[in-house]
Amino acid sequence: MLHAAETVHYVRNPEYTYLNAARQIRSLIDADPRGNHLVLSISGSNLALMTGLPAICDDFGTMALDQRVAAYKPGWFITWNLVEDDKMDALAPLYKLTRVAEYPALDDPERNLLIVYRLDPKPATPAPTKKKTRRRPQFMATSLRDGEAKVSLDDE
């Protein structure tokens with residue numbers, strides 16, 4: 001009886017925490033003045049279906065993650081619970097991750113907190129310039145010895 005009552009309660013009063021989180025993420029991204037709405041996330045396809053935000057997956061694809069990040073230049077990174085090392089390795093050279101929001105979304109311990117990071121591009125570091133060294137001109141010297149011509153470069 002107790003389980004039946006709980007089931008009826010959930011049917012009558014459903015909680016859509018993941019949907020609520022997706023809607024709040026959409027509002028957050030839409031309010032950003034930069035205008036880059038592309039999301040990088042393992043759950044990007046779900047977010048794209050629920051919100052209409054463009055998304056790419058951070059785990060699956062034909063390109064390595066660092067190549068995908070460089071090619072598509074996402075503006076947001078959304079992850080579950082923490083940023084994994086391989087994701088940070090791909091993002092850190094190009095972006096500074098700024099944590100802007102977190103939403104409790106599911107009851108799975110591995111996926112219970114949805115964390116939103118804004119990807120702020122790092123300033124481009126100029127390539128090191130080679131110090132130009134000035135070469136001294138070399139003079140060509142010729143000499144005739146024993147009927148044979150000898151050519152050499154003289155540094156003076």
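**Exercise 1. Count the helices and strands of the protein chain and give their order.**

Solution. This is a predicted model. The protein chain has 5 helices and 7 strands. Along the sequence, the elements run α-α-β-α-β-α-β-α-β-β-β-β. Next, take burial: 28% of the 156 residues of the protein chain count as buried. Then take sequence range. Among contacts with a separation of 6 or more, 56% join residues 24 or more positions apart.

**Exercise 2. Find the residues that touch the most other members of the largest nonpolar core, and the elements that supply the core.**

Solution. The largest nonpolar core holds 16 residues. I25, I78, Y103, L114 and V116 touch the most other members. Now assign the core to elements. At least two residues come from each of α2 (17-30), β3 (76-80), β4 (95-108) and β5 (111-121). Helix α2 gives the most, with 5 residues. The general background: in soluble globular proteins, nonpolar side chains tend to be buried together.

**Exercise 3. List what I78 touches, leaving out residues up to four places away in sequence.**

**Exercise 4. Describe how α2 and α3 pack, and name the residues that make the contact.**

Solution. Two values are needed: two packed helices are described by the angle between their axes and the distance between the axes. For α2 and α3 (residues 44-51), the angle is about 80° and the axes are 10 Å apart. Angles of 65 to 115 degrees count as roughly perpendicular, so α2 is roughly perpendicular to α3. Now the residues. From α2 come Y18, L19, A22, R23, I25 and R26. From α3 come N46, L47, M50 and T51. By class, the contact residues are 6 nonpolar, 2 polar and 2 charged.

Look at one member, N46, which lies in α3. N46 is partly exposed, with a relative accessible area of 36%. N46 and Y18 are 28 residues apart in sequence, and their C-alpha atoms are 9.8 Å apart in space.

**Exercise 5. Work out which residues of α3 are buried and what covers them.**

Solution. G44, L47 and T51 are the buried residues of α3. These residues span an arc of only 60° around the axis, so they sit on the same side of α3. The general rule behind such a face: an α-helix has 3.6 residues a turn, so residues three or four places apart point the same way. The face of α3 turned away from the buried side carries the exposed residues S45 and L49. The cover over the buried residues of α3 includes α2, β1, β2 (55-56) and β3. Just after α3 comes G52, with a positive phi of about 85°.

**Exercise 6. Repeat the analysis for α4: find the buried residues and what they pack against.**

Solution. In α4 (residues 65-72), L65, R68 and V69 are buried. Their arc around the axis is only 100°, which puts them on the same side of α4. The buried residues of α4 pack against β1 (39-41), α5 (85-91) and β4. K73 follows α4 and has a positive phi, near 50°.

How values were computed
Residues are numbered from 1 along each chain as its sequence is written. This is a predicted model: local features need pLDDT of at least 70, side-chain atom pairs count only at pLDDT 80 or more; totals for chains, interfaces and linings use all residues. Side-chain values use heavy atoms; hydrogens and water are left out. A nonpolar core is a set of buried Ala, Val, Leu, Ile, Met, Phe, Trp, Tyr and Cys residues joined through side-chain atoms within 4.5 Å. Buried means under 20% relative accessible area, exposed over 50%, partly exposed in between (1.4 Å probe, protein chains only). Helices (H or I, at least four residues) and strands (E, at least two) are DSSP runs, numbered from the N terminus. Contact means heavy atoms within 4.5 Å. The arc is that of the directions from the helix axis to the C-beta atoms. Axes are lines fitted to C-alpha atoms, for helices over the stretch in contact, and angles run from 0 to 180 degrees between N-to-C directions. Angles under 35 degrees count as roughly parallel, over 145 as roughly antiparallel, 65 to 115 as roughly perpendicular and the rest as oblique. Ala, Val, Leu, Ile, Met, Phe, Trp, Tyr, Cys and Pro count as nonpolar, Asp, Glu, Lys and Arg as charged, and the others, Gly among them, as polar.
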